There are 2 protein chains.
Amino acid sequence: MKFLFILAVAFSLSFIPSASAQESENKWRSLDLNNTVLLELATGSVVIELNPKFAPKHVAQISNLVRSNEYDGQSFYRVIDNFVAQGGMNVETTTKLPLLKLESDYQLSMKDHYTAVSNKDMFVENTAFLNGFAIGFETKSKVSWLLHCPGIVGLSRQNEPDTGSSDFYITIGQAPRYLDRIMTIFGRVVFGMEHVQKLNRTEGIEGELTDRSKHSKIIKMRMMKDIPVSDRIIIEVERTDTAQFEKKLTDRKLRQHPFFYKKPPQVLDVCQVPVSSRQVITKS
Amino acid sequence: MKFLFILAVAFSLSFIPSASAQESENKWRSLDLNNTVLLELATGSVVIELNPKFAPKHVAQISNLVRSNEYDGQSFYRVIDNFVAQGGMNVETTTKLPLLKLESDYQLSMKDHYTAVSNKDMFVENTAFLNGFAIGFETKSKVSWLLHCPGIVGLSRQNEPDTGSSDFYITIGQAPRYLDRIMTIFGRVVFGMEHVQKLNRTEGIEGELTDRSKHSKIIKMRMMKDIPVSDRIIIEVERTDTAQFEKKLTDRKLRQHPFFYKKPPQVLDVCQVPVSSRQVITKS
């Protein structure tokens with residue numbers, strides 16, 4: 001444990017880039033409403049932030065489908081507890097849509113202000129946050145990709161890599177990190193994740209299928225920008241490129257609160273670090 | 001990646017104990033109904049397997065409280081999405097109950113047939129399964145403890161270690177492994193986890209508290225043994241000490257299915273390995 005402790009502290013001092021004082025004053029950022037999706041479920045609203053930096057063609061196609069109201073009335077036809085909620089038009093019926101080429105790897109540039117989290121991850125050399133998304137990256141090449149933490153939104157596919165078009169999945173359990181880099185992640189849930197968790201499971205224990213009539217429906221999906229201003233759900237998301245967020249990471253490693261009468265190993269699972277959101281309600 | 005691959009395979013060959021042919025014929029085990037709890041929620045039934053091996057005094061006290069119907073009508077008063085659902089009598093009202101001394105460490109003996117999973121975990125030297133529960137252990141000392149994977153049941157406490165008595169939490173998100181060894185885990189959900197996920201969240205984004213009237217209730221909690229035979233929910237759980245289960249672990253590392261057109265790193269997160277359950281329905 002002592003070994004872990006020393007390495008972790010050294011890592012946090014030397015690898016986490018420092019943020020300017022100006023940044024630390026501004027904890028929150030607004031979402032780009034052109035890249036934000038409202039998913040209406042029976043129990044409530046879910047807000048998804050799309051990620052055009054890592055998956056531009058996926059974001060374009062999904063946004064087009066949303067704008068054409070294609071998802072309205074469709075169902076979550078594969079919901080497995082502690083794994084994924086998969087929904088959409090069901091691939092068999094959507095062969096007329098253009099198949100999307102996998103978009104996973106992204107070359108980090110000097111402009112990308114990521115915040116390093118760990119170099120002890122089981123699946124990748126380094127983990128970090130970039131614009132609220134958990135990423136993995138390689139030190140030398142600076143090639144990065146989005147990670148399958150809970151609440152990410154990815155494109156379903158067949159066995160071959162470039163075979164998805166419309167159906168998507170939301171991760172609802174322990175991060176299925178073995179899917180990193182072989183699936184395209186194009187967004188993440190920033191609000192209403194509890195409603196995704198309330199979707200009816202379609203496979204019980206031992207994988208038996210449930211009645212189709214019990215599948216939860218997508219009431220509608222809309223681009224937030226296309227919704228009348230008064231009906232929008234405006235979410236602000238915690239910035240992950242600030243000194244405040246770095247401090248949050250350090251605090252989660254050090255665990256100074258008296259509740260931790262014995263300190264846990266000073267490491268961080270990137271998928272276990274919450275990135276906060278808040279709803280902005282404008283009084284009229 | 002190649003480095004990880006070689007190490008992982010070597011590990012699986014040399015560290016995972018081999019199971020006898022006899023064992024491999026028997027995939028399932030029955031639960032001890034004296035150590036099984038039925039938790040009735042508004043949306044359905046949840047079955048919890050208690051673990052008297054690791055937490056004998058906790059199991060005894062919780063079982064007594066269940067037998068006295070103490071939890072009936074109580075609520076889940078702290079439910080945080082992707083973290084825990086905490087319920088019970090609320091510590092403030094239960095100071096008359098004996099406080100429990102933390103029960104975490106368990107000395108593995110020759111009789112304990114654990115199945116090793118990984119020596120690349122971020123929090124502990126080795127991970128393994130023992131009787132369906134995810135454990136961590138140290139190679140030299142063979143000291144082990146239960147891990148905070150999704151669906152475990154632990155005892156809530158104040159800041160001091162030995163201050164819990166009745167209230168419990170169920171983990172509902174990415175494994176909060178930093179709680180390992182500083183909390184007592186005394187059981188795990190083996191059926192109906194989706195109903196735990198449907199509990200009303202009591203803290204929204206940014207931690208604001210919700211109305212007490214919206215807290216989900218515990219309809220009742222009973223020891224399965226005390227329930228009339230016809231009303232019992234009989235669950236069988238996948239054995240984790242068999243050759244079949246070892247093969248399942250190996251398969252999850254190697255990922256030979258064509259879906260994995262590119263193989264993921266050959267490592268396993270112990271909290272991401274599902275241990276199956278099945279319901280036994282007796283026709284009368």
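Start by selecting residues 56-67 of chain B, which make up helix 3. In this predicted model, helix 3 of chain B lies across strand 2 (36-41), strand 3, strand 11 (152-155), strand 13 and strand 14 of chain B. Against strand 14 of chain B, the helix runs at about 120°.

Now hide the helix and colour the strands behind it. What is the strand order of the open sheet in chain B? Eight strands form it, in the order 4-5-12-11-13-3-2-14, with antiparallel pairing. The edges are strand 4 (75-79) and strand 14 (220-223) of chain B, and each of these pairs on one side only. Look along the sheet and you can follow the twist, which averages 30° from one strand to the next.

Zoom in on one pair: strand 3 (residues 44-50) and strand 13 (residues 185-191) of chain B. They pair in the antiparallel sense over four bridges. Show side chains here and pick Glu49(B), which stands opposite Arg188(B) in strand 13 of chain B.

Stay in chain B and go to Leu99(B), in the loop between strand 5 (84-88) and strand 6 (106-107). Is Leu99(B) buried or partly exposed? It counts as partly exposed, because it has 16 C-beta neighbours inside 10 Å. Select its contacts too: setting aside neighbours within four places in sequence, Leu99(B) touches Asp162(B), Thr163(B), Gly164(B) and Ser165(B).

Lys142(B) sits in the loop between strand 9 (133-137) and strand 10 (143-146) of chain B. Its phi is near 60°, a positive value in a residue other than glycine. With 15 C-beta neighbours inside 10 Å, Lys142(B) counts as partly exposed.

Hop over to chain A for the other one, Asn82(A), in the loop between strand 4 (75-79) and strand 5 (84-88). Asn82(A) is not a glycine either, yet has a positive phi of about 65°. Asn82(A) counts as buried, with 22 C-beta neighbours inside 10 Å.

While you're in chain A, select Ala85(A), Ile135(A) and Val189(A). These have the most contacts inside the largest nonpolar core, a set of 64 residues. Which strand gives the most to this core? Strand 13 (residues 185-191) of chain A does, with five residues.

Finally, zoom out and show both chains. Chain A can be laid on chain B with an RMSD of 0.0 Å by a turn of 180° and a shift of 0.0 Å along the axis. The two copies are therefore related as by a two-fold rotation axis.

Now select where they meet. The contact takes 44 residues from chain A and 43 residues from chain B. On the side of chain A that touches chain B, helix 4 (193-197) and strand 16 (277-280) of chain A are the elements giving two or more residues. Colour that side by class and you get 21 nonpolar, nine polar and 14 charged residues. Why say that the copies meet through the same surface? Because 98% of the interface residues of chain A are also interface residues in chain B.

Definitions and conventions: Residues numbered from 1 in each chain as written. Chains lettered and ligands numbered in written order. Predicted model: local features only at pLDDT ≥ 70, side-chain atom pairs only at ≥ 80, totals over all residues. Least-squares fit on C-alpha atoms with pLDDT ≥ 70 in both. Contact = placed C-beta atoms within 7 Å. Nonpolar A, V, L, I, M, F, W, Y, C, P; charged D, E, K, R; others polar. Buried ≥ 20, exposed ≤ 12 C-beta atoms within 10 Å, placed from the backbone. Pairing = 2+ DSSP bridges. Axes fitted to C-alpha atoms, helices over the stretch in contact; angles between N-to-C directions. Core = buried A, V, L, I, M, F, W, Y, C linked by C-beta atoms within 7 Å.
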